[in-house]
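User: I am new to this structure, and I would like to understand how its labels are reached. Could we go through the charged pairs and their surroundings step by step?

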Amino acid sequence: MEETKGPKVQRLAADLRAKIQQGAYPPGSALPKVRELKDSEGVAYQTARDVYRVLEDEGLIISRRGEGTFVSPILGKIHRDGTGRYIKSAREQAGARGAFAAEIARLGMKSTSTTEISRERPPKQVAQLLGMHHAAKALVRARVMRADATVVQVATSYFPGEVAFGTQLEQQDTGDGGSKSRLAELGYQQTRIRESIDVRPPSKDEAASLGISADRLVYEITHVGLTESGRAVEVCVHVMPITLWSLSYEWPIDQPAV
């Protein structure tokens with residue numbers, strides 16, 4: 001049975017992939033439920049689930065808990081260029097409110113977010129990255145971020161209180177270029193970025209916010225923005241479904257002598 005399972009799944013996935021790419025199922029449209037696919041194709045329930053999982057891993061479809069399976073509004077994946085997305089001209093392109101808004105706009109989609117702003121003690125790891133006393137409070141911006149109507153990531157940003165309290169960073173709209181442009185205006189221009197990436201299952205709350213099942217995987221990107229003096233003035237923890245995002249980074253090495 002195991003010898004035939006793989007080819008059958010791949011054949012059915014190829015058929016459905018072609019229908020999506022040819023427009024028979026346009027972006028955002030509902031796909032047959034798993035049981036309907038099972039009955040129409042005469043396959044086992046697990047085989048039908050595996051077909052959808054293959055296409056979800058490719059970024060072609062999304063599963064919404066309690067709603068069903070749909071063609072992704074973003075065929076393929078959102079490309080997150082970790083090298084260039086934070087450059088001023090990129091993050092402020094056409095009045096974008098930061099790097100995320102700019103990259104979603106380049107897809108021809110509209111970015112929106114629900115933001116909760118608070119003053120609270122950050123997690124221990126974040127406090128250490130920011131060089132803050134364990135009892136000090138940070139400005140916290142917790143966001144659920146969408147491309148059109150689809151939630152594509154949740155992100156929580158932390159800023160030292162002495163830097164951010166009482167500034168536009170406490171407003172819902174941080175203005176053109178987002179937090180990095182506002183920090184630069186306050187005298188805390190970031191000149192270096194450090195990011196670490198983990199792949200893990202989502203927490204219960206993250207899965208609910210992202211509309212994914214708990215058995216899917218997410219990227220956790222811990223982003224640290226540093227000034228020329230090496231001070232960390234921003235930490236952002238991004239949580240993103242791996243089915244919706246691709247990541248790339250580029251940097252020079254072994255530059256030839258002039």
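Analyst: Let us begin with E185, which counts as exposed at 59% relative accessibility, because exposed means over 50% relative accessible area, buried under 20%, and partly exposed in between, with a 1.4 Å probe and protein chains only. This is a predicted model, in which local features need pLDDT of at least 70 and side-chain atom pairs count only at pLDDT 80 or more, while totals for chains, interfaces and linings use all residues. Residues are numbered from 1 along each chain as its sequence is written, and side-chain values use heavy atoms, with hydrogens and water left out.

User: Why is R182 called buried?

Analyst: R182 has a relative accessible area of 9%, and buried means under 20%, so the label applies.

User: What makes R182 and E185 a salt bridge?

Analyst: The closest N and O atoms of R182 and E185 are 2.8 Å apart, and a salt bridge is a side-chain nitrogen of Lys or Arg within 4 Å of a carboxyl oxygen of Asp or Glu, so the pair qualifies. Both residues lie in helix 8, 3 residues apart, about one turn of the helix.

Terms used. Helix = DSSP H or I, 4+ residues; strand = E, 2+ residues; numbered from the N terminus.
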